[in-house]
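User: I'm new to this and would like to learn how to read a protein model. Please take me through it feature by feature.

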Amino acid sequence: MKGRFNMILVVLLFFLYAAAFGQERGNAPNSGDAFTRARDMIFNQEREAGRMILTEILLADPDFDEARILLARSLAWDAQRSAARKELQVVLGHRPDHADALSALYDVEIWDDRYKDALQVADAALSHYPGSADFLFKKASALAKLNRTTEALSVLDSIPADHAPGKSLREQIVTGNMKYTAGVSFGIDVFSRTFQPAMYTSLQLARANSWGTAIARINHSSRFSSGGIQAEVDLYPRIVRGVYAYVNYGYSSSDLFSKHRIGGELYAGLPHRLEASGGVRYLYFGQGSDVLIYTGSIGWYVKNFWLSYRPYITPGQSSTSFSSTFFARRYFADADSYIGLSGNVGFSPDERRIQSGAGLSNDGIYVLRSQNAGLAWQRKFSGRWIVNLSYTIVHQELSFDVGRYVWINSSFLSVKRKF
C-alpha cells in the first residue's frame with residue numbers, strides 16, 4: 001500500500017513539474033507573441049529593439065529557425081553581413097535544405113557583391129529544390145552579375161514564361177547585350193521678355209565597349225536669330241573596379257557655342273553607397289575669351305533614391321563665381337526609369353547662359369547669375385525605348401542689363417532606342 005502511494009506521488013509530481021515547465025516555456029520570449037512583436041518592430045525600423053527580443057528568444061530556444069533567419073536578415077539590412085552569415089550558417093548546419101535560410105544567405109551574398117558565393121548558394125538550394133523557379137531565378141541573377149549572360153539566359157529558359165522577375169531579368173540581359181543606343185532630343189527656351197524662343201536639337205549615337213561607353217553627338221542651336229552646330233564626343237572609361245572617368249570634347253565654328261569645349265572628371269565609389277567625383281570644364285570662345293569651371297559631386301544611393309550635390313567654381317579676374325546644384329531621383333523598375341527634381345543657385349554653368357553682351361561675339365563673356373528648379377521624368381518602354389521629359393523654370397540675369405532678370409521656361413524631350 002505504501003509502495004503504491006509512493007508511485008502515485010511520483011506520478012503527480014511529474015505532471016506538476018511538466019505543467020510548470022510548459023507554463024514557463026509558454027511565457028518565455030520564444031513564444032509566438034514575442035516573435036510577432038520583434039518582427040513588427042524590425043519592419044517598423046526599430047531594428048535594435050527587435051533584435052534584442054530575437055536574441056532572448058534564441059537564448060531560450062536555439063532551434064527557433066524563423067527567429068534566427070529574421071535576426072540574420074535584419075543584420076544584413078544594416079550592413080552587418082558577416083554577423084548575418086554566421087546566424088544563417090547555424091540554421092543550415094542542422095537544416096541544410098532550409099529554403100528560407102538558403103534564400104536569405106543568397107541575398108546576403110548579393111548585397112555584399114559576392115556574386116560567386118551567391119551562385120554557390122543558389123546551386124546548393126537547387127540540389128534540394130531542382131525545379132524551384134525562385135532558386136533558378138536567383139542562379140540566373142548571380143550569373144548575370146558575373147557577366148555570364150549566355151549561361152544566365154539558359155537558366156532562365158527553365159523558368160515558366162509567366163514568372164515576372166524572370167521575364168524582367170531576361171529583358172535586362174537582352175537589352176544589356178545591345179551595344180548601341182541612338183537618340184534624338186529637342187529643347188526649347190521661352191523667355192518672358194526681350195528674346196524670341198531659343199531651340200536646341202541633338203542627335204547622338206552611343207556604343208557600349210569592354211572598356212566603357214563612347215558617345216558621339218551633333219548639337220544644333222537656334223537663338224538670337226541665328227543658327228549653329230556643335231560636334232561633341234563623350235567617353236566614360238572604366239579605370240578600376242568602382243572608379244571611372246568622364247572625358248568630353250566639343251568643337252564649333254558658330255558663335256552660339258564655345259569654339260572648344262573640354263571636360264574631364266574622375267568618379268569613385270565609396271562605402272555606404274556613396275560616390276564622389278572631381279573635375280573641370282573649359283570653354284574657349286576665342287582669343288582672350290575663355291571660361292574655366294571647377295566642379296565635382298557627392299552622390300548617395302539610398303534604397304530607390306539617388307541624392308546628389310554638385311558645386312561649380314569659376315575663377316575670374318575680379319572675383320570667383322560659385323553655384324550649387326542639387327539632384328534627387330526616385331528610381332522605379334530599372335535604372336532607366338525614374339522621376340527627379342533639381343535645383344540650382346548661383347551662376348549658371350550652362351554655356352547657353354555664359355554669354356557675351358550680345359549673345360554672339362567673343363568680346364566680353366558674362367557669367368550670369370541665375371536660379372532654377374526642374375522636374376524630370378524618364379521611363380523605359382519595351383526594353384528598348386527610353387523616353388525623357390523635363391521642365392525647368394529659370395530666373396536669369398540679363399547679359400546686357402546686369403542686375404535685372406528674365407524668366408525662362410525650358411522644356412526638353414528625348415527619345416532613345418537600344419539596338
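Analyst: Let's start with a word you'll need throughout: a residue is buried if its relative accessible area is under 20%, exposed if over 50%, and partly exposed in between. Also keep in mind that this is a predicted model.

User: Okay, then how confident is the predictor in the protein chain, on the mean?

Analyst: The score to look at is pLDDT, the predictor's confidence in each residue, from 0 to 100. For the protein chain the mean pLDDT is 87, with 87% of the residues at 70 or more. Confidence is highest in strand β5 (residues 243-251), at 98, and lowest in helix α1 (residues 2-27), at a mean of 44.

User: Which residues have pLDDT under 50?

Analyst: Here's the general idea: where pLDDT is low, the predicted coordinates should not be read in detail. In this chain, residues 9-30 stay under 50, and the model gives them 13 contacts beyond four places in sequence. Residues 356-363 are below 50 too, with 20 contacts beyond near neighbours in sequence.

User: Got it. Now salt bridges: how many does the count come to?

Analyst: The idea first: side chains of opposite charge can pair when their charged atoms come close. The cut-off is a side-chain nitrogen of Lys or Arg within 4 Å of a carboxyl oxygen of Asp or Glu. That rule gives 23 salt bridges here. Take Arg81 and Asp112, whose side chains meet with N and O 3.6 Å apart. This pair joins distant parts of the chain: Arg81 belongs to helix α5 (residues 81-94), while Asp112 sits in the loop between α6 (99-111) and α7 (115-128), 31 residues apart.

User: Are those two residues buried, partly exposed or exposed?

Analyst: Arg81 has a relative accessible area of 17%, so it is buried. Asp112 comes out at 30%, so it is partly exposed.

User: Which other residue forms a salt bridge with Asp112?

Analyst: Look at Arg85: its closest N atom is 2.7 Å from an O atom of Asp112. Because Arg85 lies in helix α5 and Asp112 in the loop between α6 and α7, this pair ties together parts that are 27 residues apart in sequence. Arg85 counts as buried, since its relative accessibility is 11%.

User: Next, rings. How many aromatic pairs are there?

Analyst: A pair of aromatic rings is described by the distance of the centres and the angle of the planes. The count here comes to 11 aromatic pairs. One of them is Tyr180 with Phe419, stacked at 5.6 Å centre to centre and 15° between the planes. Tyr180 is in strand β1 (residues 180-191) and Phe419 in the segment after β16 (401-418), 239 residues apart. By contrast, Tyr301 and Trp306 are tilted, because their planes meet at 35°, with centres 6.3 Å apart. Tyr301 is partly exposed at 31% relative accessibility, whereas Trp306 is buried at 14%. Together with Phe327, Tyr301 and Trp306 form one aromatic cluster.

User: Last one: which ring does the charged end of Arg329 sit over?

Analyst: That's the ring of Tyr338, with the charged end of Arg329 at 4.2 Å from its centre. Arg330 does something of this kind, lying over the face of Phe305 at 5.9 Å from the ring centre.

Technical notes
Residues are numbered from 1 along each chain as its sequence is written. This is a predicted model: local features need pLDDT of at least 70, side-chain atom pairs count only at pLDDT 80 or more; totals for chains, interfaces and linings use all residues. Side-chain values use heavy atoms; hydrogens and water are left out. Helices (H or I, at least four residues) and strands (E, at least two) are DSSP runs, numbered from the N terminus. Buried means under 20% relative accessible area, exposed over 50%, partly exposed in between (1.4 Å probe, protein chains only). Rings of Phe, Tyr and Trp (its six-membered ring) pair if their centres lie within 6.5 Å; planes under 30 degrees apart count as stacked, over 60 as edge-to-face and the rest as tilted. A charge sits over a ring if NZ of Lys or CZ of Arg is within 6 Å of the ring centre and within 35 degrees of the ring normal. Contact means heavy atoms within 4.5 Å.
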